[in-house]
Amino acid sequence: KKAVDIMRKALEEEGAPADLLQCIENVSIPMTQKLMAEADLVMATGGSSLVEAAYSSGTPAYGVGTGNSTMVIDETADIKEAAHNTMRSKTSDFGSGCSADGNLVIQEDIYDEMLEQLVKEGGYLVEDEEEREALREILWDDEGHRLGGGTVAVPPQTLAEKAGFSIPEDREFIIVEGTTPEEEEYFSREKLTTLLTTYKYGDFSEAEKMVRDIF
């Protein structure tokens with residue numbers, strides 16, 4: 001709403017109709033359905049149920065998928081720059097944006113160096129298996145569905161506290177090393193918080209498969 005207000009003001013200053021941009025303040029399901037039915041085109045984000053509603057509104061619609069961006073870091077990467085960019089991504093709005101880095105697929109020859117640089121950028125590397133499992137339990141149920149419970153868009157210290165352990169106050173995000181991004185790997189899934197998962201690959205075909213396997 002605040003962003004729309006700023007843009008409306010800018011339109012008025014340029015002599016354009018402010019109502020080119022509008023925002024519903026008192027949101028309801030019936031209002032949203034009515035708006036989608038009356039519009040010429042719908043772009044839907046915010047969850048699978050909303051996307052499904054847009055597709056069934058009778059209006060041409062584009063819907064987004066899971067917010068679980070995955071980056072491939074190959075051996076030609078500028079490691080310092082890549083790690084810094086990931087830190088900025090994980091700390092902007094506490095990693096809640098759909099475009100925030102969720103997983104890093106890193107070439108094995110630079111994996112350790114990249115991990116070290118991520119720690120320098122403020123990452124807390126989870127090396128204790130109990131901490132890893134505790135994070136899994138507060139983020140996903142046994143079927144892999146994302147849990148709420150106050151874990152979305154929270155500082156890493158809050159995330160750790162909810163999992164039953166503590167991390168230093170200077171840490172900006174939490175890093176978990178993944179094993180395999182296949183169906184049973186919870187940490188490859190959507191996080192929407194200050195948690196990052198890293199994977200190691202050998203040749204590029206393996207990286208491609210990992211990206212395809214990640215949810």
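1. Let's start with cavities. One cavity of 30 Å³ or more turns up in this predicted model, where a cavity is a set of points on a 1 Å grid over the protein atoms alone at which a 1.4 Å probe fits but cannot get out. The volume of the largest cavity is about 40 Å³, taken as the space filled by probe spheres set on the points, which are joined across faces, edges and corners.

2. Which residues line the largest cavity? They are G67, N68, K90, G95, G97, A100, D101, G102, K191, L192 and T193, lining residues being those with an atom within 4 Å of a point. By class, this lining has two nonpolar, six polar and three charged residues; Gly counts as polar, and Asp, Glu, Lys and Arg as charged.

3. Now to the sheet. Five strands form an open sheet with parallel pairing, in the order β3-β4-β7-β6-β5. Strands are DSSP runs of E with at least two residues, helices are runs of H or I with at least four, and two strands pair if DSSP finds at least two bridges between them. Because β3 (69-73) and β5 (123-125) stand at the edges with a single partner strand each, one side of each is left without a neighbour in the sheet. From one strand to the next, the twist averages 30°.

4. β5 runs parallel to β6 (residues 173-177), joined by three bridges. L125 has I175 in β6 as its bridge partner.

5. Helix α6 (residues 129-139) packs against helix α7 (residues 156-163) at about 95°, with the axes 8 Å apart. The two are therefore roughly perpendicular, a term for angles of 65 to 115 degrees. Axes are lines fitted to C-alpha atoms, for helices over the stretch in contact, and angles run from 0 to 180 degrees between N-to-C directions.

6. A word on conventions: residues are numbered from 1 along each chain as its sequence is written. Local features need pLDDT of at least 70, side-chain atom pairs count only at pLDDT 80 or more, totals for chains, interfaces and linings use all residues, and side-chain values use heavy atoms, with hydrogens and water left out.

Technical notes. On a 1 Å grid over the protein atoms alone, a cavity is a set of points where a 1.4 Å probe fits but cannot get out, and a pocket is an open set with protein on both sides within 12 Å along at least five of seven lines; lining residues have an atom within 4 Å of a point. Angles under 35 degrees count as roughly parallel, over 145 as roughly antiparallel, 65 to 115 as roughly perpendicular and the rest as oblique.
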